[in-house]
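This report takes up a cavity, a strand and a ligand site in turn. Please have the sequence and the 3D view open while reading.

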Amino acid sequence: MQAVSRVHGRGAAEVHALRGVDLAVAAGEFVAVMGPSGSGKSTLLTLAGGLDRATSGEVVIEGRPLGGLGRNEIAAVRRRAIGYVFQDFNLIPALTAAENVGIPRELDGVSARAARREALAALEELSIGELADRFPDEMSGGQQQRVAIARSLIGDRRLVLADEPTGALDSTTGEAVLGLLRARCDAGAAAVMVTHEARHAAWVDRVVHLRDGVLVEETRGGGAGR
Ligand code: ADP
Ligand code: MG
């Protein structure tokens with residue numbers, strides 16, 4: 001993204017959530033975004049994922065500036081290229097874990113049977129294969145979060161965007177999730193993760209630090225140079 005700003009509200013209620021942020025993430029790179037609450041981390045991620053539009057500046061995904069695209073075109077880019085883990089999971093309550101995870105593949109046009117097979121494999125990767133036929137309200141917060149992560153990893157999306165993907169997990173499970181994201185990047189995907197856990201820096205290539213909507217600092221992560 002180039003010189004990206006996002007202003008919420010107007011007049012006296014105006015909030016400058018992002019101010020002129022430049023951030024480029026290459027294929028194979030794992031980037032962490034850190035910063036205090038309200039510093040603009042979630043806003044940055046929603047803009048990077050085409051879920052919201054910049055007030056000014058340009059968001060480019062795989063060479064395509066989103067500013068010039070219509071809603072449907074952005075939705076198509078998002079659906080094909082991006083796996084997204086929402087901070088509040090965004091699971092569909094009426095669907096089972098396997099159905100929630102399989103949705104992106106069904107939208108890709110694969111058969112329901114293939115989508116279920118892939119969904120079960122993704123749930124296995126997160127060690128919750130046995131929860132495949134449970135509904136979200138039959139799972140703990142941590143289990144729901146793992147379903148949301150499985151949904152973002154299915155179908156080998158080239159860009160994974162994750163908003164505090166380990167917030168509801170114990171530290172062992174959280175480390176396992178970071179290992180999965182790291183492996184995905186080592187296989188050529190790009191990932192951007194919002195986190196408030198300093199020790200997560202060990203897994204990433206770079207940490208970018210946000211303060212009041214400004215990228216103030218960039219530090220090397222422990223995964224750099226792999
Ligand atoms: P973070 O994820 O770092 O906690 P956010 O990106 O959620 O920060 O929010 C950045 C700032 O923008 C905050 O001051 C927040 O209150 C404001 N903000 C975020 N979304 C909206 C919105 N939809 N409407 C108004 N203000 C918003
Ligand atoms: Mg947030």
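## The cavity

Ala, Val, Leu, Ile, Met, Phe, Trp, Tyr, Cys and Pro count as nonpolar, Asp, Glu, Lys and Arg as charged, and the others, Gly among them, as polar. By this scheme the lining of the largest cavity has 3 nonpolar, 5 polar and 2 charged residues. The lining residues are Glu164, Pro165, Thr166, Gly167, Met193, Val194, Thr195, His196, Glu197 and His200. A cavity is a set of points, on a 1 Å grid over the protein atoms alone, where a 1.4 Å probe fits but cannot get out; lining residues have an atom within 4 Å of a point.

The search of the whole structure gives 1 cavity of 30 Å³ or more, and the largest cavity holds about 40 Å³ of space. Its volume is the space filled by probe spheres set on the points, which are joined across faces, edges and corners.

## Basis of the model

The model is predicted: local features need pLDDT of at least 70 and side-chain atom pairs pLDDT 80 or more, while totals for chains, interfaces and linings use all residues. Residues are numbered from 1 along each chain as its sequence is written, chains are lettered from A and ligands numbered from 1 in the order in which they are written, and side-chain values use heavy atoms, without hydrogens and water.

## Histidine 200

One of the lining residues, His200, sits in the loop between β9 (190–194) and β10. Strands are DSSP runs (E, at least two residues), numbered from the N terminus. Histidine 200 counts as buried because its relative accessibility is 1%; buried means under 20% relative accessible area (1.4 Å probe, protein chains only). Its side chain makes a polar contact of 2.8 Å with the side chain of threonine 195. Such a contact is a pair of N or O atoms within 3.5 Å; within protein, one must be able to donate a hydrogen and the other to accept it, and residues adjacent in sequence count only if both atoms are side-chain atoms.

## Strand β10

In strand β10 (residues 206–211), 5 of the 6 residues are buried, so the strand is largely enclosed by the rest of the structure. Strands pair if DSSP finds at least two bridges between them. β10 runs parallel to strand β3 (residues 30–34), with 4 bridges, and antiparallel to strand β11 (residues 214–220), with 6 bridges.

## Ligand 1

An oxygen atom of ligand 1 is 2.8 Å from a side-chain N or O atom of lysine 41.

Terms used:
1 Å grid on protein atoms, 1.4 Å probe; cavity = no way out; pocket = protein on both sides within 12 Å on 5 of 7 lines; lining within 4 Å. Buried < 20%, exposed > 50% of the residue type's maximum accessible area, 1.4 Å probe, protein only.
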